[in-house]
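Please look over the sequence and the structure shown below before reading the notes that follow.

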Amino acid sequence: VRTWDTAVLFSWDEEILGKPIELKWEWMSAAQFDALDALYQAGVQVVWDPEVVGVGPFNVEIKGLEGELFEVAHYEQPYREKVVMTLLIADSIDAQVMS
């Protein structure tokens, strides 16, 4: 699933459970990447809600995370480019449980 800007369209049913999916970004800040990397390194399931009516939330585990570091004009603000995150969708969470 390629992401564009801050909006993504997800149209999954229950068939996605137990399957890995890839999310891709052209770039993201190093801080965002580091936060995702901490979850990846911990190897734990987290709740992910794509915030789309009728889709999710899901328990997921990050199974892979890659991104190339490149420096922008202001070196104090590094970014990662060509970021790919592989999620394993463990199970769906009843929306009522989340409220």
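In what order do the strands of the open sheet lie, and with what pairing? The open sheet has 4 strands in the order 1-4-3-2, with antiparallel pairing, where strands are DSSP runs (E, at least two residues) numbered from the N terminus and two strands pair if DSSP finds at least two bridges between them. This is a predicted model, in which local features need pLDDT of at least 70 and side-chain atom pairs count only at pLDDT 80 or more, while totals for chains, interfaces and linings use all residues. Residues are numbered from 1 along each chain as its sequence is written, and side-chain values use heavy atoms, with hydrogens and water left out.

- Strand 1 and strand 2 (46–48) are the edge strands, each pairing on one side only.
- Strand 2 pairs with strand 3 (residues 58–70) in the antiparallel sense over 3 bridges, and Phe-58 in strand 3 is the bridge partner of Trp-48.

**Aromatic rings**
- The whole structure holds 2 aromatic pairs, counted when ring centres of Phe, Tyr and Trp (its six-membered ring) lie within 6.5 Å, with planes under 30 degrees apart called stacked, over 60 edge-to-face and the rest tilted.
- One of them joins Trp-27 and Tyr-79 edge-to-face, at 5.2 Å centre to centre and 70° between the planes.
- This pair links distant parts of the chain, since Trp-27 belongs to strand 1 (residues 20–29) and Tyr-79 to strand 4 (residues 79–92), 52 residues apart.

- Lys-82, which is found in strand 4, has a positive phi of about 50° although it is not a glycine.
- Most residues other than glycine have a negative phi.
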